[in-house]
Amino acid sequence: MKNKIITIFTVILLLSGCSAMKNTSIDAGIIPLPEDKIVPLQIPKPIRTLDIYDTQLGVRVDKDILSLTSKQIRERLTTTETVVTIEKYDGSISLGYLGANAKAAKGRYKVTFDYVNSTIKDVSLNKNEADTIQGRIGVGWRITVDLTTTSNGLDLSSLLPIALAVKDEKATGTVRFLAYGLSNEKFSSLLTPTIATLSPDSIQKTIESIGAERIIFNLDETKLEPYLLGISSNVKKP
């Protein structure tokens with residue numbers, strides 16, 4: 001078991017080098033959703049168009065995703081980041097957002113890890129172009145951990161401390177793995193959605209899939225179809 005935990009720690013250290021930011025508040029308590037933060041959609045949605053530079057017209061134009069090559073899409077998804085969102089269930093099963101530096105008390109939590117190649121794009125609301133929000137458009141891996149903690153002061157900001165908490169019988173739950181916007185027949189087993197009981201073993205397998213994503217994303221034969229992964233609550237007016 002010790003060797004497995006060390007393996008998890010090593011892989012997370014390697015992945016953290018690719019991380020551009022953690023999209024969580026630094027406030028140490030349960031807080032309302034900040035207006036300048038982009039949080040994950042519960043169900044990411046495929047987008048229909050993406051703007052690219054048209055060399056003939058000399059301007060950016062919206063193109064249908066299905067008309068673009070993976071190379072063209074890859075060139076637009078220039079940000080590689082790890083986005084962590086921690087939410088706590090209250091008594092009515094609703095969720096409040098927990099700061100990244102906060103320690104979890106006893107209770108039920110949902111932690112979302114998005115390992116994505118993405119870009120930020122304005123998204124229109126209800127086909128009304130006058131009202132827009134910022135959206136994270138991209139492809140990648142999403143890991144969702146639903147857990148119940150039985151001790152206070154646990155760190156839920158990364159997979160390693162969660163694995164240690166499970167090992168020490170301080171937390172139980174499930175881990176769900178989903179891949180969005182990537183298709184490659186050679187790696188179909190890695191791209192298949194899974195859900196498993198939370199354990200050091202299931203977390204280790206999930207981490208191994210994350211490492212593979214960086215390779216799969218850059219392969220020429222990988223088909224890419226960006227999704228709207230997260231949105232801001234701040235409506236922009238013209």
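**Aromatic rings in the model**

A search across the whole structure finds two aromatic pairs. Please keep in mind that this model is predicted. A pair of aromatic rings is described by two quantities, the distance of the centres and the angle of the planes.

Let us begin with Trp-141 and Phe-177. Their arrangement is edge-to-face, with 5.4 Å centre to centre and 70° between the planes. Where do these residues lie? Trp-141 belongs to strand E8, residues 128-149, and Phe-177 to strand E9, residues 171-180, so the pair ties together parts that are 36 residues apart in sequence. Are they buried or exposed? Trp-141 counts as buried because its relative accessibility is 0%, under the cut-off of 20%. Phe-177, with a relative accessible area of 4%, is buried as well.

I turn now to the other pair, Tyr-180 and Tyr-227. This one is tilted: the centres are 5.3 Å apart and the planes make an angle of 55°. Tyr-180 lies in strand E9, whereas Tyr-227 is in strand E13, residues 227-232; the pair therefore ties together parts that are 47 residues apart in sequence. Both of these tyrosines, Tyr-180 and Tyr-227, are buried.

Finally, I wish to mention charges placed over rings. Which residue has its charged end over the ring of Phe-217? That residue is Arg-74, at 5.7 Å from the ring centre.

Thank you for your attention.

Terms used. Residues are numbered from 1 along each chain as its sequence is written. This is a predicted model: local features need pLDDT of at least 70, side-chain atom pairs count only at pLDDT 80 or more; totals for chains, interfaces and linings use all residues. Side-chain values use heavy atoms; hydrogens and water are left out. Rings of Phe, Tyr and Trp (its six-membered ring) pair if their centres lie within 6.5 Å; planes under 30 degrees apart count as stacked, over 60 as edge-to-face and the rest as tilted. Helices (H or I, at least four residues) and strands (E, at least two) are DSSP runs, numbered from the N terminus. Buried means under 20% relative accessible area, exposed over 50%, partly exposed in between (1.4 Å probe, protein chains only). A charge sits over a ring if NZ of Lys or CZ of Arg is within 6 Å of the ring centre and within 35 degrees of the ring normal.
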